[in-house]
Amino acid sequence: MTTQRPTFNVLGSLVVRTPLGDRPVPGRMPQTILAALLARPDHTLTVGALTDTLWPDRPPPSATTNVRTHISRLRTFLNAHALPQRIHTRPDAYHLAVDRADVDLSVFHDLADRARDHWRDGDAPEALGTIARALDLWRGAFLADLPDNLAWTAEAARATARRDALAELATGIHIHTGHTAEAIADLRARLATDPLHEGSWHNLILALHADGRTAEALAAYSQARTGLRTELGIEPGPRLRAALDTVLGRTDTPDIHQLPIDAPHYTGRTAHITALTDHLSTPRVDHTPPPVATLTGPPGAGKTALAVHTAHRLTDYFPDGRLYIELQGTGDHPVDPAGALSDALGALGVPGPGIPKTLAAKAALYRSHLATRRILVVLDDAADAAQAAPLLPGTGPSAVIVTSRGHLTGLPTTLAVTVDALTTAEATELFTSLTRPAHHTPDQREHTTAVLRSCGHLPLAITIAAARLSRNPTWTPRDLAHRLDTERHRLDELRAGDLDVRTSLALSYRHLPRPAASAFRRLGLLGETTLPAWTAAALADPVDGPDPLETLLDTFLVQPVTDHADHPRIRLHDLLRCFAREQAETEAPAERTAAVGRLLDTWLALTTAAAADMPVPFFGVPLDPAASPPPHPVGDPLAWYDTEHANLITAVDLAVAHGLDAHAWRIAAATAPYFDLRGRYDAWTTTHRCALTATERSGDRYGHAVLTRNLGQAHLYQDRYAPAREAFDTALAIFTDLDDTIGRAVTLSGLGALHRVTGEHTRALVSHHGALALFHTAGDGSGEALVRMSIGRIHLARDDHREARHWFATALDLAEAVGDDHRRAQAMHRLAHVEPDHADGLLDAALAILDGLGDHHCAAYVRQTIGERRLYTGDIDAGRSLLVDSLRVQVSLGDRSAAGRIAALLREEPE
């Protein structure tokens, strides 16, 4: 039986089928790249990965250029043969846009899945036909004409194993449906090319026996035994011996059906189920270890349900039974392996007196019984690898699924599956299957989404929520969403009968060593954001013990994530955070405050260092360095703030809540430069108002003045002139009373800017000249340059271009003298307004500097100026484009006055 070949074929030699016939890919390097892309058609391959593929030992210095050259040759090949598939470029990576139907590997996997589904549905003819179509795609070994390569080794092994498993499944279907003659013919043909394959001999013996040809079955066993002894010097393995026992009528295995009931409407986890089914049902060579699949993940993720559901689906592959052993690893009394072995041996038919006394002897007898039987063993809730290891088979056709809330380091795992929260679609499907149709109306969809979000998409929580909804006939999803909305009471709501999310979470928490337990509960205080990995150690009790973060990761109580620079970060699942916060609230306040203080010490050191290294200097009162240096370099300060600003907002709240007043105002003030540069005025205002309560409580007048001055600046940016004036006046009074020169200078400058934008030019000049004198006295050249520009802007507003030019030019000279690029760019921008002959050069230079510094706000002002010039010199398209870009930035930053001016310009543009 044949099927239409896809465009790209890897099941055999590499073949590309074009409208004009098969065509070879030119060159070994392009062939290798195409093979790597086809082996994983749904993935994007980076330039680094392709470099390793092409030059696994030592890439040449020009490797990146060479990769691009070979990609170009591949694209030329595809275009030349009118193929619709395209290689798309991603950042430092490539992706082949290809449908599954175009790659024989993908078609093969789809047919294999379909064949197994047909067989599970009892449709033997359709299953056999689909298997035949799948096997017909193979023309030889995987990528037979290319050398082995790590880029496709794993996929080659997986596809080859599935091919062999399909062939064996076809044989099994033939035998099961009474078509033993077809099975025998297929097996003899396979043995003709592979005479030492014990699995094929095993199936042939059973097929002959099922066909009533007992003598031939015994002869086949003898032939197999002779071949193995002659060629390999070994005796038949347990599968062959089991087949002989079957022919001789020596099978006396008791029925073993210990699995719990399967969920009647199990939903989701399709990829996990497929991977587990394929892995555990794939035939193994007799003397290789059996497959051991581990299911690990956080509490409530549904590991046991997945294991039981998968085990039920594998019933046909393990005809000798399914053992289910509850190890109770998270309970008060984990099951002793010796006791579990006694129970397992009893289930396998060993009478009580025949069960040995010692753990080693029990394990040996247990392995002997499993060596010749196809039994699936499910070990549920293992505490660790040591508890599960004695219950693993040694060799033979059996398989094992182990579930655990921790990483099973040291267990001979052949497939590791991390079971986490459900996807949105899976969670919705589960909730829908457990609730009444009246709850699934479109008007309830938004509330259902809120319920699932409150449940963190964890199956246990969703099941409980659905049960509560079903047991309260007057409730709707909206009512349930409202009850779950408050985090403080959420765990109280997620309780139904024997099911309780809080109890499930507590089972993991109570086994933690002290450092990990203290770190975990205090992490619950830090909100929903991801956190840098160092926070766990900062919050942990400073006592000897295992690394708290490593323990929390091993037990899945925190999840590892990475930021844009691949720095290690962590997060707590929403329900785990609720539970952790509950536990933190049971601590002695002094202990909790001490831990928060250690955390804030680090945040303050890092934030102060980041503020000092910002590419754009903040026009505010400079802060003293933190009492202790940061534990590690910040790196790019702007990128660091982008990652951590949400945590810094939380840090201010924590400091105020725990009475750590100095931390509160200093962290808030050290974050102001970032909020200024990024235009995050709401966060700026919120943190400063919160921190002001700390300075009022502690009587810290200096901190109060710094925050108030900063608030005045934030108000001014948002055209809130009355609160800005009040803030500047308050700060100036305090700085004057404290005789703080820089504080007075910065605040006077802010007042001057306020007077200027409100049209009070005389008052503005008085304030700015006062600030100028103070900056000059303090030797602050950058501050003096900025005030000079402000004075020049007032003269420009009065149409005194000569005086404005003087102040702008001296500001530029001073900025250049002190090496302040930001002030230099601002001075160039201002000078362009009074130097029309040099304006274009000045504006271009200013824009280049500001873009390089990442100051989007000031750069938008420069683009606005350039756009105005383009508009009124007749270059309408360029002018509009620049003004629209500037408007977008100003709107996003909340600068209403600038946005209004640009909008007016766009409305008034000349025809």
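Which strands does H3 lie across, and at about what angle does H3 run to E5? Helix H3 lies across E5 and E6, and the angle to E5 is about 150°. Angles here run from 0 to 180 degrees between N-to-C directions, and axes are lines fitted to C-alpha atoms, for helices over the stretch in contact. The labels H and E follow DSSP runs numbered from the N terminus, with helices (H or I) of at least four residues and strands (E) of at least two.

Before we go on, a word on the model itself. This is a predicted model, in which local features need pLDDT of at least 70 and side-chain atom pairs count only at pLDDT 80 or more, while totals for chains, interfaces and linings use all residues. Residues are numbered from 1 along each chain as its sequence is written, and side-chain values use heavy atoms, with hydrogens and water left out.

E5 and E6 belong to an open sheet of three strands, ordered E4-E6-E5, and the pairing is antiparallel. Two strands count as paired if DSSP finds at least two bridges between them. At the edges are strand E4 (45-46) and strand E5 (86-90), each of which pairs on one side only. E4 is joined to strand E6 (residues 93-97) by two bridges, and within this pairing Thr46 stands opposite Ala93 in E6.

H3 also has a helix for a partner. Two packed helices are described by the angle between their axes and the distance between the axes. Helix H1 (residues 28-39) packs against helix H3 (residues 63-80) at an angle of about 80°, and their axes are 9 Å apart. H1 is therefore roughly perpendicular to H3, on a scale where angles under 35 degrees are roughly parallel, over 145 roughly antiparallel, 65 to 115 roughly perpendicular and the rest oblique. From H1, the contact (heavy atoms within 4.5 Å) is made by Met29, Pro30, Ile33 and Leu34, and from H3 by Val67, His70, Ile71, Arg73 and Leu74. By class, the residues of this contact of H1 with H3 are seven nonpolar, one polar and one charged. For these classes, Ala, Val, Leu, Ile, Met, Phe, Trp, Tyr, Cys and Pro count as nonpolar, Asp, Glu, Lys and Arg as charged, and the others, Gly among them, as polar.

Strand E14 (residues 531-532) meets strand E16 (residues 568-571) over two bridges: Leu531 stands opposite Ile570, and Pro532 has Arg569 as its bridge partner. On the E15 side, four bridges join strand E15 (residues 559-562) to E16, and Val561 stands opposite Arg569.

Helix H22 (residues 514-523) and helix H25 (residues 574-584) pack at about 110°, with axes 6 Å apart, and are therefore roughly perpendicular to each other. Here Phe520, Arg521 and Arg522 of H22 meet Leu576, Phe579, Ala580, Arg581, Gln583 and Ala584 of H25. This contact of H22 with H25 has five nonpolar, one polar and three charged residues.

On a 1 Å grid over the protein atoms alone, a cavity is a set of points where a 1.4 Å probe fits but cannot get out, whereas a pocket is an open set with protein on both sides within 12 Å along at least five of seven lines; lining residues have an atom within 4 Å of a point. Grid points are joined across faces, edges and corners, and a volume is the space filled by probe spheres set on the points.

The structure holds three cavities of 30 Å³ or more. Helix H27 (637-657) and helix H26 (589-612) each supply at least two lining residues, and H27 gives the most, with four. The lining of this cavity has seven nonpolar, two polar and no charged residues.

The largest pocket has a volume of about 1600 Å³. Of its 50 lining residues, Arg756, Val757, Arg793, Arg830 and Tyr861 lie nearest its centre. Helix H38 (residues 856-872) gives the most to this lining, with eight residues. By class, the lining of the largest pocket has 26 nonpolar, twelve polar and twelve charged residues.
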